[in-house]
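Visitor: Hi, I'm new to this one. Can you walk me through what's on the screen?

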Amino acid sequence: MTIRRLAIIGVGLIGGSLARALRAADAVEEIVGCGRGRDNLQRAVELGVIDRYTHDVAEAVSGADMVFLAVPLGAMRETFAAMQGHLAADAVVTDGGSSKYSVIEDCRAVFGEVLPNLVAGHPIAGTENSGVEASFAELYQNRRIILTPTEATSPDALARVQAMWQACGAEVTLMSVEHHDEVLAATSHLPHMLAFGLVDTLARMKENDEIFRYAAGGFRDFTRIASSNPVMWRDVCVANRRALGKMMNHYLGEMQELAETIERGDGDALLEIFSRAKRARDRYIDGVLDSTE
Ligand SMILES: NC(=O)c1ccc[n+]([C@@H]2O[C@H](COP(=O)([O-])OP(=O)(O)OC[C@H]3O[C@@H](n4cnc5c(N)ncnc54)[C@H](O)[C@@H]3O)[C@@H](O)[C@H]2O)c1
Ligand SMILES: O=C(O)C(=O)CC1(C(=O)O)C=CC(O)C=C1
């Protein structure tokens, strides 16, 4: 699989890492970057991540056979609008947005239909860091990529996007848009809300200086993701508000029960909950280790 010209709109952690991975696999001939800030794009050229850049989406996509949208979810619609009328006949458009229903709807709102050559996708890989400096070629190695084709998606477009991710060393899984948004609300979006919420709560407490002074490894591990990009996460929450709101309410109910169990001092019930959780996490970690061997 070789991509002739890849246009990356948004050359940050996700877009930059795709560029680096495809280059390392020798699976792309030319990469054109597109974004708003000059410094980040200039740095992307210096690092060899992209060959050239433009601030104009229409110019970036013209002549490209693969277009990757790696902007925050709130910028997807304007990006679709800017590329309208400028896509090559053989161009496939795909994205890395963390929620999928909004991307499909943004496409429909701009083009009046879900394009057959649109393959919405989501790499289940990332870090709390942003920008091209944070990108690295191995990000997608042995990681899962979820693609959410619709009834309109062309099999050829799907096969090309699948081959692109496989060239990066990733494992591709297909899922419906709705299922994706529900599952990711539970496994990714909810944990980010817990981390942001916890740090914000503690930071706003009067004694916060002292609290942070005595925070140790548990706090650090649990809150790493609260250093993630606020714009990206604002957009994820707005885009996936239905599934995330439902998940958060479910979790709040469980937390309320846990608080009551603690207040009752019911040690047997606590032991049961914690043992069940430990078994589940240990099984999950064993599975992760197996799949990366
Ligand atoms: N960070 C993660 O862990 C992660 C993981 C999987 C998917 N994603 C998704 O990938 C996408 C990109 O996230 P990221 O972590 O690479 O962010 P990032 O901030 O590292 O990169 C985004 C880039 O898009 C540019 N940009 C913003 N608005 C733009 C616009 N209107 N037009 C053109 N460029 C614009 C920014 O300048 C930046 O260079 C998001 O949709 C996010 O939901 C992120
Ligand atoms: O590891 C991290 O820092 C991440 O936040 C990555 C992570 C996640 O696992 O929740 C974040 C958002 C995504 O869309 C996919 C992956």
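Predicted model: local features only at pLDDT ≥ 70, side-chain atom pairs only at ≥ 80, totals over all residues.

Visitor: Okay, how many helices and strands does the protein chain have?

Guide: The protein chain has 12 helices and nine strands. Its radius of gyration is 21 Å, close to the 19 Å that the globule rule gives for 293 residues, so the chain is as compact as a globular protein of that length.

Visitor: And what box do the C-alpha atoms fill?

Guide: Roughly 65 × 40 × 40 Å, taken along the principal axes.

Visitor: Which domains does the assignment give?

Guide: The domain assignment gives domain 1 (3-175) and domain 2 (180-292). Their C-alpha centres lie 30 Å apart. Where they touch, domain 1 puts in 15 residues and domain 2 puts in 18 residues.

Visitor: What classes of residue are on the domain 1 side of that contact?

Guide: On the side of domain 1 that touches domain 2 you'll find five nonpolar, eight polar and two charged residues.

Visitor: Switching topic: where does ligand 1 lie relative to the domains?

Guide: Ligand 1 lies between domain 1 and domain 2, because both give residues to the shell around it.

Visitor: Which residues come nearest to ligand 1?

Guide: There are 30 residues around ligand 1, and Gly10, Gly12, Ile14, Ala75 and Gly126 come nearest. The elements giving two or more residues to that shell are α1 (13-24), α4 (76-83), β7 (121-123) and α10 (230-239).

Visitor: Which of those gives the most?

Guide: That's α1, with three residues.

Visitor: How does the shell divide into nonpolar, polar and charged?

Guide: The shell around ligand 1 has 12 nonpolar, 16 polar and two charged residues.

Visitor: Now the inside. How many residues are in the largest nonpolar core?

Guide: The largest nonpolar core has 61 residues, and those with the most contacts inside it include Leu6, Ile50 and Val61. Helix α1 turns up here too, giving the largest share of this core, six residues. Domain 1 and domain 2 each supply at least three residues to this core.

Visitor: Let's zoom in on valine 61. What does it touch?

Guide: Leaving out residues up to four places away in sequence, valine 61 touches Ala7, Val67, Met83, His86, Leu87 and Ala91.

Terms used
Residues numbered from 1 in each chain as written. Chains lettered and ligands numbered in written order. Near = placed C-beta within 6 Å. Helix = DSSP H or I, 4+ residues; strand = E, 2+ residues; numbered from the N terminus. Nonpolar A, V, L, I, M, F, W, Y, C, P; charged D, E, K, R; others polar. Domains from an automatic or database assignment. Core = buried A, V, L, I, M, F, W, Y, C linked by C-beta atoms within 7 Å. Buried ≥ 20, exposed ≤ 12 C-beta atoms within 10 Å, placed from the backbone. Contact = placed C-beta atoms within 7 Å. Rg over C-alpha atoms; globule rule 2.2 N^0.38 Å.
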